[in-house]
Structures are given as structure tokens and as C-alpha cells.
Amino acid sequence: MSTREIEGTYLRDILINTANEVTVRKVTTPLADVEAAARTTPTPVDLIARLREPGVSVIAEFKRASPSKGLINPDATVDSVARAYLSAGAAGISVLTDERFFRGSLDDLREVAAFAHAAAPAAGVLRKDFVIDSYQIAEARAAGADCVLLIVAALDDDELRDLYAAAADYGLQALVEVHDEQELERALAIDATLLGINSRDLRSFAVDLGTIERVAAQVPPTVTLVGESGIRTRADVERLEAAGVHAILVGETLMRAADPAAALRELVG
């Protein structure tokens, strides 16, 4: 997606804010310091291996708010939510670290990683943020992430390739997110092995699971496929499983549930 195409969207506003915040953090905490911490962090969990386990695996998301839905669960604590997700068998936990739009933080990521990595088996941790700079990848690794999100719509081809390589350099996997066939071509051009198909239109924010079905049909079987957004019921999960997804990423449905563990179990049957 070009810069013109994201004009007036939440994504554009978030990317501008992210760039400003990264600039400030680079001054307050130099890259050399972040990189030193990243290089001494224990070996990352193989999230792809967890997602390839039999059945549809779940990356359960921790977020308190979103720009489209506003406050979702503003008082949620990592302790209660992460414990619930892990008790219900989540293969991974996604953590929104953007503060302005999602009320998250790197501290949330650190706390989730501590819980997830102590589980048996250990769960993978995804830093789900708007990565535009390799500094953020070093931050993710230093905070205990095993995987980072790269949104094809937010990056040009050179940026996408360079950030994908930077993630690998830190031992991190990258969930490369696409929204249509054109973005899928760009993701496959960098040999992405973990692919997320987001059913949410970035312009209208409307959700259509048919998008996942349509794009998934063109994904090579060697690629680990994650369905994202709009997954609310067991029927939705079965629909995406039939389309070939290996895992689902679910946030709002679980964060609004009175019992997140029960809600997760219900989704996966």
C-alpha cells in the first residue's frame, strides 16, 4: 500500500506517532544499550513450531484498547490475562506495546514473556507493534519477544526486506502481515515463512473473513499461516481451518470475555 493509500487511515496516524516516539527513545536509550541487552537474552521460543502443532493453534492477544474500538479492557493486568491464556493452551501471546493507541507498553511485553517462557511447554511471544525501524526489533528482543510483526502495508520493499533480515539477525521470527494478493506477492518475495492474513480493511476497518479464505488459497503449504481479525466464534475458526490456516490471532473477543480461558477453549473446541 502506498503512502497515498494510507492517507486518512488509523495506520497513517499510528505510523507518524511511532516514528516520533522511536526518535525520542533513541535519544533516551541509545541503540548500543538496547542491542547489548538484546544480545544477552535467552534463546527465543520457536513460535512457528508451536503454531504447527495439530489442530488450530492460538496466538492470544493482550491489548487494553484499539483506535477503532476505543477502550476494550482498560484495567486488564498481564498477571490475570496471561495466566488465563496459558492455562487454556495458547501457543503464543501477542502484546500490543503502543501506548497512545492501544494503552500498551514494553513493560507489558516483559511481563508476558516471563509468564510465557516459564510455561510448559513455553509459549512464544509476539511484539505486535508498528515496526518501522530496526531499533524496535532490538527493543523487542531485549524485552523477551520471540517474534515481531511486520505489516507489509506500512513498509516499502526495501524496508520490508531490511527489517525481515534484522529480525533474523536477532534470532527473532517475523509475522509478516498482508491484507490482499498484492501484499502477499511482496511477502513471498522476501521468503516469509510466517504469514498473517488480516481480514480487516485498513481504510474502512470493515472485517471480512472471506479475505483470509481468498488470499490463503494462494499461499504455499510450506508457509505457516495465521488468520487475523474478526474471529469471534467456533464456526469462524472452523471456517478458517478449512481455508488452510494453521493458527488464529484473537484479541478483542478474548479481552472482552469475563473468562478469557473459557473463551479461548470454546474457540478451539
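Predicted model: local features only at pLDDT ≥ 70, side-chain atom pairs only at ≥ 80, totals over all residues.
A pocket is an open set of grid points with protein on both sides within 12 Å along at least five of seven lines.

**Lining of the largest pocket**

- The pocket is lined by 32 residues, and those closest to its centre are Lys63, Lys128, Asn198, Arg200 and Ser229.
- Sorted by class, the lining comprises 14 nonpolar, 10 charged and eight polar residues.
- At least two lining residues come from each of helix H1 (10–28), strand S6 (147–151), strand S10 (247–250) and helix H12 (252–255).
- H1 provides the largest share of the lining, with three residues.

**Aromatic pair**

- The model contains one aromatic pair.
- Phenylalanine 102 and phenylalanine 130 form a stacked pair, because their ring centres are 5.9 Å apart and their planes meet at 25 degrees, where planes under 30 degrees apart count as stacked.
- The pair connects distant parts of the chain, its members being 28 residues apart.
- Phenylalanine 102 belongs to helix H5 (residues 99–102), whereas phenylalanine 130 is in the loop between strand S5 (124–128) and helix H7 (134–142).
- Phenylalanine 102 and phenylalanine 130 are both buried.

**Charge over a ring**

- Arginine 39 is placed over the face of tyrosine 170, at 4.2 Å from the ring centre.

Notes. Residues numbered from 1 in each chain as written. Heavy atoms only, no water. 1 Å grid on protein atoms, 1.4 Å probe; cavity = no way out; pocket = protein on both sides within 12 Å on 5 of 7 lines; lining within 4 Å. Helix = DSSP H or I, 4+ residues; strand = E, 2+ residues; numbered from the N terminus. Nonpolar A, V, L, I, M, F, W, Y, C, P; charged D, E, K, R; others polar. Phe/Tyr/Trp six-rings, centres within 6.5 Å; stacked < 30°, edge-to-face > 60°. Buried < 20%, exposed > 50% of the residue type's maximum accessible area, 1.4 Å probe, protein only. Lys NZ or Arg CZ within 6 Å of the ring centre and 35° of its normal.
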